[in-house]
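Hi everyone, thanks for coming. Let me put the model up on the screen, and then I'll walk you through it.

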Amino acid sequence: MKKISKIVTPLFLLLFTTLLLVSCDKDFNELGTDFVADDHYGMLNQNFDLDINNKATGAVQTNNLPINTLGYYNDPIFGKTTSSFVTELSLGTTSLDFVNINTIEIDSVYLYVPYFSTLQSTDATTGDSQYTLNKDSILSNSSVENEYTKISLKVYRNNYDLSQVDVSEGLQTLKKHYSDELNDFTNVNQELLYSDDSFEFKRDQIKIKKNIGLSTEAVKERLAPGMFLDLTQNDPAKKAFYKQLLTTGNQYGYLENNNLFRKNLFRGLLFKAAASPSSPEAGTAAKMNFAQGKITIVYKDEKSSTDTTKERKTLLLNLSGNTVNFFDNQNSYTDNVATDELLLKGGNGSISVISLFGGNTNSTSPELNAMRSNKWLINDASITFTVKSPNTLAQVPNRIYLFDLKNKKPIVDYTYDLTTSVLTSKYNKYIHGGIRYKDGDDIKYKIRLTNHLRNLVKYADSTNVKLGLVVTEGIGNTTSMQFKNPTPNYFATGQSLKYLPTMSVANPLGVKLYGTNPSTNNTKKVKFEVWYTKPE
């Protein structure tokens, strides 16, 4: 009966903690040591050493990421990173029927891409709304809250075909594109459509106005904060460019479907970022909602074959289809033993590789064999990481992610954890953890791997796999991207290391964590802690 009670008590505590957290509406970014209850009520515990290496990713695959980054940012720890982006276009307006294509007039052409923002309030009288940009979606070197340092932005007509298939994989998948291929795209006869060396990300509501009199304007449409670019800037030559697009598209039927449109008329756009000449050492990068972006071509056409009066019409082009993100890091990363610090950097950066119990095979590990022979009941196992730099929440990734590096999949604790957050899906599976929290003056991450360790103890023939540790943009996506240059024979089985979690590629942030160096303060060095009970 004593043995049963020792098992039931931890289970009850786990369920109680789950219910408590599900009902909690506090901002997880501000939670302290009470984030997950760590009272172990008299259980035994032991700490174990870890073998950890930093592994540079090099260039990584960036086809069709779920979230893309654009901009230029000088990270205080990791240096300067420039992010550019290319996307296909899709017809948003179908069944176009020009009355008289020869007399149409281009009124305006504007591009809109929403930012990730939150509505704060709306004035009942004016209809004006106030927004804030989501903190985890924008990185800026500005010292002023809600103001962002300018960058240089150029938008090109992309002529590179993103629909090519991969010949090496039997024409079944798209050709892979990597984070270092920007020059391959800029060298394919790009046409400059827009240029601004002082582009600024703003949190202001966008108001599109219309004339209702000789000197009076009214608000026709309101949009949430986003990139809003006038692609003609009232330039006759630019208007002529878009008129020619419509004329050619109508003449040859290129506006009938996306295949004809992309192949023959307009493949897409390339957004190229750089440092602004006015602030070469500072900038801003934002995670952009490109999938909701659009180009609106406003033109005037005759009303009918018998009425030559001009009326306003629109053609919508959606920023949808295949995409590629490009990253250019000022700093390069190298492989090394992470005794002093763990280096985690998203995009094409760095990951850490963790080996439990010296990386020994399960059946030969002295520690695991001792747990079996002493009949340990594993109640809780976790690895805690302390941030070395930077030391403010705004500069630290929301979450890190531990996964089976060899088999490119989550560990079993991820699968077993069904907890969900009332705040955002980014904080689901919070008992498994990896979410940043404050512990006094320190910022920490804790990842539970209780069930992973239980399996190692219970099944001596199971594999003690290498574990990868990365920053992540979201916990729900467990797909993978490929390294451009895999490491051959990385695993004992002869397999190459060639996969990286997609959401690590999508997150541009980085963080330095304290390593395993014995000289490191015991409150800050990596801690692999196991709580257990033994039969009496």
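A word on the ground rules. This is a predicted model, where local features need pLDDT of at least 70, side-chain atom pairs count only at pLDDT 80 or more, and totals for chains, interfaces and linings use all residues. Residues are numbered from 1 along each chain as its sequence is written, and side-chain values use heavy atoms, with hydrogens and water left out.

Let's begin with charges. Side chains of opposite charge can pair when their charged atoms come close. How many salt bridges does the structure hold? There are 20, where a salt bridge means a side-chain nitrogen of Lys or Arg within 4 Å of a carboxyl oxygen of Asp or Glu.

Take K310 and E105, whose closest N and O atoms are 3.2 Å apart. K310 sits in strand β18 (residues 307-318) and E105 in strand β6 (residues 105-114), so this pair ties together parts 205 residues apart in sequence. When I say strand or helix, I mean DSSP runs numbered from the N terminus: E of at least two residues for strands, H or I of at least four for helices. K310 is partly exposed at 29% relative accessible area, and E105 is partly exposed as well, at 41%. The cut-offs there are under 20% for buried, over 50% for exposed and partly exposed in between, with a 1.4 Å probe and protein chains only.

Next, E341 pairs with K388, with the closest N and O atoms 3.3 Å apart. This links E341 in strand β21 (residues 341-345) to K388 in strand β23, 47 residues apart.

Now one I like: R448 and D380, with their closest N and O atoms at 3.2 Å. Elsewhere, salt bridges with shared partners join D136, K287, K426 and E473 into one network.

On to helix α3 (residues 236-252). Its 17 residues reach 24 Å from first C-alpha to last, close to the 24 Å expected at 1.5 Å a residue; that expected span is 1.5 Å times one less than the number of residues. At the N-terminal end, D235 caps α3, with a side-chain oxygen 2.9 Å from the backbone nitrogen of A237. Just after the helix, G253 takes a positive phi of about 75 degrees. Buried residues of α3 include F241, Y242, L245 and L246, and their cover includes β6, β10 (151-158), β11 (191-199), β17 (294-304) and β18.

Then the cores. A nonpolar core is a set of buried Ala, Val, Leu, Ile, Met, Phe, Trp, Tyr and Cys residues joined through side-chain atoms within 4.5 Å. In the largest, with 47 residues, M227, F271 and I295 touch the most other members. Apart from it lies another core of 38 residues, among them F48, I447, L513 and V526.

Finally, A381, in strand β23 (residues 377-389). A381 is buried, with a relative accessible area of 0%. Leaving aside neighbours within four places in sequence, its contacts (heavy atoms within 4.5 Å) include I447, R448, L449 and V530. A381 and F528 are 147 residues apart in sequence, yet 7.4 Å apart in space, C-alpha to C-alpha.

Thanks, everyone!

Note on methods
Polar contact = N/O pair within 3.5 Å; in protein donor to acceptor, adjacent residues only side chain to side chain.
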